[in-house]
Amino acid sequence: MSLKTIQRKDHHLDLCAREDVEARQPGALFDDVSLIHEALPDFSAADVSADCCFLGRRLRAPLMFTAITGGTERGGEFNRALARTAERHGLAIGLGSQRAMAEHPEAAASFSLRQDAPHAVIVGNIGLWQARTMGPDGVKRLMEAIGADALAIHLNVAQELIQPEGDRDFSGGLKVIEALVRALGEEKILVKETGCGISPATARRLASAGVRAIDISGTGGTSWVKVEGHRSEASGTKRMASLFGGWGIPTAPAAAALREALGSQMTLVASGGIRSGLDLAKAIALGADLGGTALPCLRAWESGGEEALESLTSSLLEGLRLAMLLTGCRNLSELRRAPLVEGEAFGRWKTALLKQAAG
Ligand SMILES: Cc1cc2nc3c(=O)[nH]c(=O)nc-3n(C[C@H](O)[C@H](O)[C@H](O)COP(=O)(O)O)c2cc1C
């Protein structure tokens, strides 16, 4: 990895840890949905189970630390703390982009987490446009070199467009994904956005290429447009970053519309603005199989290391369990059937997304 890329990675971590990088308008819209209280749940708190299945493996709770980092010493330390925390709680962990490894194999150490997480589901990561250059064999080697269970292919058109040095040619993306699914196997590929969301219409195209798992990474959490706006000194970039800082599809209605449009054939991770166990519970009730979180993990790690990461994770899982008890749901299948009160903005987004998918 060139010195420039390393500096950019650590600069990204600094900016995300300290600056306002979240897309608050309209937000993820979890606040525009409510679960209905059950005053008489007929079971004990000890009976609540959040066990679930993800990519053919069992998790103790439906939570993934989504892709954040790797490639530097600081990234490696953070990844190992995430891995140990995922292992303790029986969760899944996603790595940041492994582009660094493709250029410099010695960077592999910061992505090699099997020793710290022998049982956790580990998902590697590469950008679609880098995968296009590397070809399926190169991408497969990246996944196998670190003993990952699957590989996430990330889509980040908005970020590339805001970066002056970013990619501008987005042709042939679906064909690249189709080739990767063929080379690695459909159970090994997760396609994810990076904060602008995936619509049901796009998900249908992904499904036609053989994709069976998606991380929505919708609007309402980390905005890479805002991050690039902070990073740049150029007034033109700052103007565009301010204009498009809230661009994308809010995570909550995207989760509901994706589940309705695609049925049970698609595994859905909902990341983008999940900030509490209640958000996580709502994501599951809306149709996601798992919730994902990135920025809160980075901020916890930066403020108090692994102990703070542990406390964040316990609080997310405790909030989920409380929400399950308070809605009278013993397990995640019951939570998925729990009725919801939908607000106006949520309803309008969901209707529009479904209409677009139908047309
Ligand atoms: C510091 C940081 C680095 C990230 N790096 C990557 C990456 O390398 N690859 C990727 O697919 N997503 C990356 N993401 C996006 C996250 O995986 C996630 O989808 C997104 O941030 C939304 O979740 P959040 O609102 O909880 O942050 C990154 C996010 C953060 C905060």
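## Around the ligand

The shell of residues around the ligand splits into 9 nonpolar, 16 polar and 1 charged. Keep in mind that this is a predicted model. In all, 26 residues surround the ligand, and the closest are Ala67, His154, Gly221, Ala294 and Leu295. Helix H1 (3-18), strand E7 (150-154) and helix H12 (295-326) are the elements that give two or more residues to that shell. H1 gives the most, with 3 residues.

E7 and E8 run parallel and are joined by 4 bridges. On the next strand over, Lys192 stands opposite Asp215 in E9. E8 pairs with strand E9 (residues 213-215) in the parallel sense too, over 2 bridges. To get from E8 to E9, the chain passes through helix H7 (residues 200-208), making a right-handed β-α-β crossover.

What about the faces of E8? In a regular strand, side chains alternate between the two faces of the sheet. Strand E8 (residues 189-192) is covered on both: Ile189 and Val191 are buried on one side, and Leu190 and Lys192 are buried on the other.

## E10 and its neighbours

Carry on from E9 and you reach E10, with the two strands pairing in the parallel sense over 3 bridges. Ala213 has Thr267 as its bridge partner in E10. Beyond that comes strand E11 (residues 290-293), which pairs with E10 in the parallel sense over 3 bridges. Here Ala270 stands opposite Gly291 in E11.

How many of the residues of strand E10 (residues 267-271) are buried? The count is 5 of the 5, so the strand is largely enclosed by the rest of the structure. Both of its faces are covered, with Thr267, Val269 and Ser271 buried on one side and Leu268 and Ala270 buried on the other.

Helix H14 (residues 344-358) has 15 residues, so at 1.5 Å a residue it should span 21 Å; its end C-alpha atoms are 21 Å apart, which agrees.

Which residues of H14 are buried? They are Phe346, Trp349, Lys350 and Leu353. Looking down the axis of H14, the buried residues fall within an arc of 95°, so they line one face of the helix. On the other side of H14, Glu344, Thr351, Lys355 and Ala358 are exposed.

Technical notes:
Residues are numbered from 1 along each chain as its sequence is written. This is a predicted model: local features need pLDDT of at least 70, side-chain atom pairs count only at pLDDT 80 or more; totals for chains, interfaces and linings use all residues. A residue is near a molecule or strand if its C-beta atom, placed from the backbone, lies within 6 Å of it. Ala, Val, Leu, Ile, Met, Phe, Trp, Tyr, Cys and Pro count as nonpolar, Asp, Glu, Lys and Arg as charged, and the others, Gly among them, as polar. A residue is buried if 20 or more other C-beta atoms lie within 10 Å of its own, exposed if 12 or fewer, and partly exposed in between; C-beta atoms are placed from the backbone. Two strands pair if DSSP finds at least two bridges between them. A crossover is right-handed if, with the strands pointing away from the viewer, the path from the first strand over the helix to the second runs clockwise. The expected span of a helix is 1.5 Å times one less than its number of residues. The arc is that of the directions from the helix axis to the C-beta atoms.
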